Amino acid sequence: MSKKWYKEMSVYQIWTRSFCDSNGDGIGDLPGVYSKLDYIQSLGVDGIWFSPIYPTPNADYGYDISDYKNINPEFGTLDDFKKILDSAHERRMKVFMDLVINHTSDEHEWFKESCKSVDNPYHDYYIWRKGKGKNPPNNWLSAFEGGAWEYNENLDEYYLHVFAKKQPDLNMDNPKVREEVKSIIRFWLDMGVDGFREDVINFISKEPGLPNGFPLPVATGVEHYKYGPHLEEYLDEFRAVQNEYDCFVIGEGPMTSLKDAVKLCSEGPNQKLDMLISFDHMNANCFMTDWIKTPFSLRKLKSTLTKWQNAMKGIGWNCLYIENHDHPRIIERYGSLKYRVESAKSLAAMYLFLCGTPFIYQGQEIGMTNIRMNSVSDYKDVMTFNNYKLFKKLGFSDKRFLDLSFQANRENSRTPVQWNDSENAGFTTGTPWFNVNDNYKEINVEAEDKDPNSILNFYRKAIKFRKTHQVAIYGEYNEYDKKSKKLYVYERVLGDEKMLIICSFAEDGEKFTAPEGYDLNKGELVLSNYELNPVFDNSFITRPYECRVYYFPGKTAESEG
């Protein structure tokens, strides 16, 4: 496996609107981010990924872009961004942008022009079709709100939107659109940005003829665009530009099969992406979507992670994450509120030492939790309101919907970051744009920074260990105790250097015996979430959500040290 800088970094994701507000208007902004660069650096991360910070009408909070070459005025200016970019680079941290090119906002100048006339040169920038009688061109459904087609009376045509109606899909089959994308890529890379996270990038090529899809409750038609016929060709075009720079490219790939992910990420001259954001491991307590809940299954989580680890072994690279802006917080999902600190640490150890590049989402490093709302009107997101309509049709009361939303809603991850125990958690001196979680008095950065045993300091130690030990980056992955419903155990091996990671996902105790070839008393316990219990006969009984990370340096590492 070749060594590359993006494999050795850890990345911090910022959803700017909820990060830190500098001017008291209740909305997080770039000067707020700038004020926290020392904090971000203190985590030990090597890069920052910004969720979209471009001008937007906020139909999907930034994922509906109205200008690709500017900054959302709510967040600041291009000069504010350049200041962060320069300061991050001085701190030896990379900066990555979100590149959203499957769709734009309907308030983008391209779309406004496309609506003027079928002869307008921008009309073919989007996917317009005549209806079938009084019906849309096909039966596709959007992921956010009903049908995937919106009628324009002036043109007597429909435009396609596989997300919100204010997010019309670009027609990537038009070479002019692809040239526009390349121009956007060059604009940011020339400024000094170090790469991109490419949003739903596997959706950009649609099947010719746009045939009807297999009927599903949501996203009918997805089989006709989740890996379209020209996807690889268009990614090659964009990669040719990106390869002119020392650039990192990660793609988000909803519903992408493991086989296709390997095709896209295999290293070599035809590599399309450096890694892919997979959703598979986020389905260990749900079916297809966070909103269809199932009991948490550790075996399902382990088998999925192991499958991706093995598939990329020696040929590609994994993206590692357990939280981002599109999912509820992880503690309620795979951990325990009763054992919030212990389970947060165990989840951190579980994923940070897998083979791949870890991403940490804002607030995850202090164990932020889901928020319970008193009213549906307290929510802000188009997906929430679409799901509300859907579940009301299924007979859900408001109370039942709010209970489900507490577990399933992606807005749980979008509450303001809890910086301290002052009013509004130190996020803003004004009225916050979205509710602050009531638990900010106990859960905040300032309190955890002072506590050597906090979740925050556990993340710092874990990230530092990964950065300073090649076995944690390039070591071979092997899983043990695969059938266990309570323990996730795996090793990383590089030459004679080894790590053994043991994570409990249960409240009750479970006897753990070290695998053959390991003597726990001879290993260095580099991370744990409890005071150490002695090991007898190479075994110990786990405590609730206990984790231990043992390191065995081997002769090579010892001599290097």
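Predicted model: local features only at pLDDT ≥ 70, side-chain atom pairs only at ≥ 80, totals over all residues.
Local features need pLDDT of at least 70, side-chain atom pairs count only at pLDDT 80 or more, and totals for chains, interfaces and linings use all residues. Residues are numbered from 1 along each chain as its sequence is written, and side-chain values use heavy atoms, with hydrogens and water left out.

Start with the open space. A pocket is an open set of points on a 1 Å grid over the protein atoms alone, where a 1.4 Å probe fits, with protein on both sides within 12 Å along at least five of seven lines; lining residues have an atom within 4 Å of a point. Volume is the space filled by probe spheres set on the points, which are joined across faces, edges and corners.

The largest pocket holds about 1,200 Å³. Its lining counts 45 residues, and Ala143, Met255, Met288, Thr289 and Met383 lie nearest the centre. Strand S11 (289-293) and helix H11 (382-393) each supply at least two lining residues. Helices (H or I, at least four residues) and strands (E, at least two) are DSSP runs, numbered from the N terminus. H11 gives the most, with five residues. The lining has 25 nonpolar, 11 polar and nine charged residues. Here Ala, Val, Leu, Ile, Met, Phe, Trp, Tyr, Cys and Pro are nonpolar, Asp, Glu, Lys and Arg are charged, and the others, Gly among them, are polar.

The second largest pocket holds about 230 Å³. It is lined by 17 residues, with Lys313, Gly314, Cys355, Tyr474 and Gly475 nearest its centre. Helix H8 (298-312) gives the most to this lining, with three residues.

Now turn to charge. The whole structure contains 38 salt bridges, each a side-chain nitrogen of Lys or Arg within 4 Å of a carboxyl oxygen of Asp or Glu. Glu232 and Lys263 form one at 3.6 Å, N to O. Glu232 lies in helix H6 (residues 231-242) and Lys263 in helix H7 (residues 258-265), so the pair ties together parts 31 residues apart in sequence. Lys272 and Asp236 pair at 2.9 Å, N to O. This bridge links the loop between H7 and strand S9 (275-277) to helix H6, 36 residues apart. Lys272 is buried, at 7% relative accessible area, whereas Asp236 is partly exposed, at 34%. Buried means under 20%, exposed over 50%, and partly exposed in between (1.4 Å probe, protein chains only).

Glu546 and Arg548 also meet, at 2.9 Å, N to O; both are buried. Finally, Asp60, Asp326, Asp381, Arg410 and Arg414 are linked in a salt-bridge network.
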